[in-house]
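Reader: Please show me how to read a structure like this one, one feature after another.

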Amino acid sequence: MKVSNRKRLAIILKLFLLIIFLILCFVIKQNVEYMLPEVVEYAVLDNSNAISFSEADEAAYVNSNLTVNVLSRKTGNISTKNNTGLSENVNIIFTDDKFPMVHNINLLKGSFFSNDNPLNVSEKIVISDNLANSLFKSYDVIGNEIVLSGKKKIISGIYITENNIFSELASNGQETVFVSIEGQTDSPGSMGIERIYFKGLNGEINNMDIREFDVHTGEKLKFYQKTDLFSSKSLLKQIINIMFLIAGVIVILKLIFIFIKSFENIIYGLEKKNYNVKAVNIRINIIICLICLMLIILISALCTFKLYIPDGLLPEHDRILDIKYYYHYIINSIQSVKLLERWSYYQTLIIVFNLFMTASVSITILLFAKFFGTLNKYFKHEFDSLPYASSMWIKKEN
């Protein structure tokens, strides 16, 4: 009795841990869904050949199938107008009014700068809720003046900061403020755009549309490094599907074993022509076989998914087993985070998500295998202890 209780406790504990890690996997997937935009990013490699804001604006206007967002960044300090002693170092992002359409950002108050607003667009600034609370101890600061690196700005909006472990690990530790790239003579964008983001209609990004944009900018995208955030997002979400596929295979293999044992019992009963056995065992084993078949079909349908492999991830067929290719692919992906020693939020975020997702999914699979094995042993022990067990599963005699 005590042994049985210990086994039940072990099952409950393993089930609890399995549920915890399953929830963790879905939490990570939810953050991947929200925090990674479905865009293609181009980061400049050579500033001397960077695309200007006017060139990008003109090219984006020609192609209506793409939503194009541009940005450049630098660091600075920010303080209130009357208390310059209270200041913070911040990331300054010079961008356009397409930023909220391309990136996942929610406004708490106000609006993102727009040419439709009568306020001079070059004087606008959008700050985080953390920064508003730190500098003003209030969120009712729309229209207030603020000093950004010695220049007066007017707050037009407050956005909600993503305060979670993923954003913290991907961040460089500083708050971010947004300033319009238009009319900024001292911004990095005046010398050329640092990053360009392309978002297609209905989430679909057509390479021909990007090619058309490139032609209108004098084919300068060759001086930028491409990062397909849409593909990275799809691959990260696919890890969850792979987890369920592995779990499904484990269950299906067990069901196949049960089906084979039950089918052998049916054949044995028919060969012996034991009508007592035929009245009880054969009927039960036929039901078990049918249930196993239905469960195998159902689980197979639930675990089936369309495998997504982005372009460039796999080499040509003659190098499919070339380990060096995958090694260099991983190394280049990690090194690209430090592109020209610039902090790259999204590329860092992708690495963080990959580490967390891979670890949590791997642990979940191991926990499922342990739980399934313990559950199987428990039911086998309980079944064998029944007085009529030998008549349910026929023991073949030599």
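**Charges, rings and surfaces**

Reader: Let me begin with a single residue. What is the relative accessible area of Glu-33?

Author: Glu-33 has a relative accessible area of 37%, so Glu-33 counts as partly exposed. Buried stands for under 20%, exposed for over 50% and partly exposed for what lies in between (1.4 Å probe, protein chains only). Bear in mind that this is a predicted model: local features need pLDDT of at least 70, side-chain atom pairs count only at pLDDT 80 or more, and totals for chains, interfaces and linings use all residues. Residues are numbered from 1 along each chain as its sequence is written, and side-chain values use heavy atoms, leaving out hydrogens and water.

Reader: Thanks! Before we go on, how many helices and strands does the chain have?

Author: There are 11 helices and 10 strands in the chain. Helices (H or I, at least four residues) and strands (E, at least two) are DSSP runs, numbered from the N terminus. The chain has 398 residues, and 39% of them are buried. Of the contacts (heavy atoms within 4.5 Å) with a separation of 6 or more, 79% join residues 24 or more positions apart.

Reader: Back to Glu-33. Which residue does the side chain of Glu-33 meet in a salt bridge?

Author: The general idea is simple. Side chains of opposite charge can pair when their charged atoms come close. A salt bridge is counted if a side-chain nitrogen of Lys or Arg is within 4 Å of a carboxyl oxygen of Asp or Glu. Here Glu-33 pairs with Lys-237, at 3.1 Å from N to O. Distant parts of the chain are linked in this way: Glu-33 belongs to helix α1 (residues 2-35) and Lys-237 to helix α7 (residues 229-272), 204 residues apart. Lys-237 is partly exposed as well, with 21% relative accessible area. Glu-33 and Lys-237 also belong to a salt-bridge network with Glu-38 and Lys-233.

Reader: How many salt bridges does the structure hold?

Author: It holds 12. Another one joins Lys-220 and Glu-55, whose closest N and O atoms are 3.4 Å apart. Lys-220 sits in the loop between α6 (207-216) and β10 (224-228) and Glu-55 in helix α2 (residues 53-62), so this bridge ties together parts 165 residues apart in sequence. Lys-220 is partly exposed at 22% relative accessibility, and Glu-55 is partly exposed at 26%. Glu-145 and Lys-152 form a salt bridge too, with 3.7 Å between the closest N and O atoms.

Reader: Now a charged residue with no such partner. How far from Asp-209 is the nearest side chain of opposite charge?

Author: Lys and Arg count as positive, Asp and Glu as negative, while His and the chain ends are not counted. Asp-209, in helix α6, is buried but has no salt bridge, and the nearest opposite charge, Arg-211, is 11 Å away. Leaving aside residues up to four places away in sequence, Asp-209 touches Asn-63, Asn-65 and Leu-66.

Reader: And the rings? How many aromatic pairs are found in the whole structure?

Author: A pair of aromatic rings is described by the distance of the centres and the angle of the planes. Rings of Phe, Tyr and Trp (its six-membered ring) pair with centres within 6.5 Å; planes under 30 degrees apart are stacked, over 60 edge-to-face, the rest tilted. The structure has 13 aromatic pairs. Phe-99 and Phe-112 make a stacked one, with centres 5.8 Å apart and 5 degrees between the planes. Phe-99 is in helix α3 (residues 99-102) and Phe-112 in the loop between β4 (107-110) and β5 (124-128), 13 residues apart. Phe-112 also pairs with Phe-178: the centres are 5.5 Å apart and the planes at 55 degrees, so this pair is tilted. Phe-178 lies in strand β8 (residues 175-180), so the pair ties the loop of Phe-112 to a part 66 residues apart in sequence. Phe-99 is buried at 6% relative accessibility, and Phe-112 at 8%. Ring pairs join Phe-99, Phe-112, Tyr-159 and Phe-178 into a cluster.
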